[in-house]
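Subject: A structure for you to look at

Hi,

Here is the structure I promised to pass on. Have a look around first, then read on for what turned up.

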Amino acid sequence: MSSPVVTRFAPSPTGYLHIGGGRTALFNWAYAKRHGGRMLLRIEDTDRERSTAAAIDAIIEGLTWLGLDWSGEPVSQYGRVLRHREVAEQLLAQGRAYRCYCTPEDLEAMRARAEAEKRPIRYDGTWRDRDPSQAPAGVRPAIRFKAPQEGETMIEDAVQGRVIIPNKDLDDLIILRSDGNPTYNLSVVVDDHDMGVTHIIRGVDHLTNAARQTQIYRAMGWRVPHMSHIPLIHGPDGAKLSKRHGALGVEAYRAMGYLPEAMRNYLARLGWSHGDDEIFSTDQLVEWFNLESIGKSAARFDYAKLENLNGHYIRHMADDQLLARFIDFLPHAEGGPALRARVDETMMAKLLRAMPGLKERAKTLVELMKGAQFLFAERPLPMDEKARQIIAEGGAEVLRGVVPVLEQVENWETQEIETAVKAYAEAAGLKLGKVAQPLRAALTGTSSSPGIFDVLDVLGRGESLARLKDQAG
């Protein structure tokens, strides 16, 4: 019987959770869910100078917003340093590692010789077989792994296929520094083994590390986990995604008004596919996800595709559910906290009534917020340039004519309002648009809004008539 699937997401807390990390976490999460397993979260915080509590919080918050959960408490790699040292000493005792007394000056000279001879820069094994009795006084040794020098190391990778690396290309890496701190490749192996990780899914930039780590697993007599090295994410120009492409942390996408469902869908399609399916639910992702359908080629991040996909999710989300997402979003948006403070039961009811019209015109929650500004606006309304122009160029006169008609509407609801306005337009010999535009400008302060009759309905009789009279002059 095969062991249960255990994956892990293991970010370094040296900054925000970037979009590539979010996709790696999603793939690990989906694979574990697909097989009824568990995903673990390990914070690789051994770089004490660069690791910060704020970055750890940002990673956890980003994963939580994306809707990705994990089993148990997050594990601190730094908190397991004694265990890492223990394994380094064990390898030393077994003759699979050795003490290296090279000084920084020795290593610099070694690099200089390799460069002069146009050889790859690698440790030359100076202390591999020397007796420690020859150690110079006062030099604290590092511990190096005694890597096999002949043959090859093979990685059966579910994405990259069989990868073979000649052992002569891998030197004796340091596993414990002279200050007693373990190095990344040792810590990762020990943690993955001790945490029972069965499947490692991570970026292809770790493929060389995979060979070194495989050697350590075998030296310890441990089972090597299944490995999958996924392609990197590139920008639209084909270069590795970076800040110049607008690469941002996951929390920035929340502030930009993207829904977590849309982000999960979009990230899943960056490098993985299920036939021609572009839009699918998270449940479908879990049902379909497999490692074999991850491509080898780098995926290209496309903001336009993400925005269009997000618009689809907004339009198809139930009004009450979208309203809840919108309210949760406001504290994270520019100018949103002030609006959030004004959301009471009355405003909630207005937003809910306006939601069908608002969501049809929005691709992001930021656009939804802009569309909803007319509900929050206070008299006298601030007017944009186009709205002012509409009022100035005959709009005020139209308003003076239509206000008395609207004052006669007994049942203030969309259908009756529409009937009254259309009757006025016909009587005045005006096209409906010539009446609707001044109404829109006066009611919202803009030249763009949800359907004007819906706007009148949502604002209510008193507020609507007051705004119209403000601009009618």
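What percentage of the residues in the protein is buried? Of the 473 residues, 48% are buried. Before you go further, keep in mind that this is a predicted model.

Let's begin with the overall picture. The protein has 20 helices and 12 strands. Its C-alpha atoms fill a box of roughly 105 × 50 × 40 Å along the principal axes. The radius of gyration is 31 Å, whereas a compact globule of 473 residues would come in near 23 Å. Take the contacts between residues at least 6 apart in sequence: 76% of them join residues at least 24 apart.

The accessible surface is about 22700 Å², and carbon and sulfur atoms account for 49% of that.

On to the inside. In soluble globular proteins, nonpolar side chains tend to be buried together. Here, the largest nonpolar core has 105 residues, and the members touching the most others are Leu-406 and Leu-439. Helix 16 (residues 385–407) gives this core its largest share, nine residues. If you click on Leu-439 and skip neighbours within four places in sequence, you'll find contacts with Leu-399, Val-402, Leu-406, Val-421, Ile-452 and Leu-468. There is also a second, separate core of 32 residues, with Val-87, Ile-143, Phe-145 and Ala-219 among them.

Two single residues are worth a visit too.

Tyr-78 sits in the loop that runs between strand 3 (75–76) and helix 3 (81–93). Is Tyr-78 buried or partly exposed? Its relative accessibility is 37%, so Tyr-78 counts as partly exposed. Leaving out residues up to four places away in sequence, Tyr-78 touches Asp-45, Thr-46 and Arg-48. Ile-43 is 35 residues away along the chain, but its C-alpha atom and that of Tyr-78 are separated by 8.4 Å.

Glu-261 belongs to helix 8 (residues 260–268). Glu-261 counts as buried because its relative accessibility is 12%, and the cut-off for buried is under 20%. Which residues does Glu-261 contact, beyond its neighbours within four places in sequence? They are Tyr-313, Met-317, Gln-321 and Arg-325.

Happy exploring, and write back with any questions!

Conventions: Residues numbered from 1 in each chain as written. Predicted model: local features only at pLDDT ≥ 70, side-chain atom pairs only at ≥ 80, totals over all residues. Heavy atoms only, no water. Core = buried A, V, L, I, M, F, W, Y, C linked by side-chain atoms within 4.5 Å. Buried < 20%, exposed > 50% of the residue type's maximum accessible area, 1.4 Å probe, protein only. Helix = DSSP H or I, 4+ residues; strand = E, 2+ residues; numbered from the N terminus. Contact = heavy atoms within 4.5 Å. Rg over C-alpha atoms; globule rule 2.2 N^0.38 Å. Areas by Shrake-Rupley, 256 points an atom, 1.4 Å probe, with all protein chains shown as cover.
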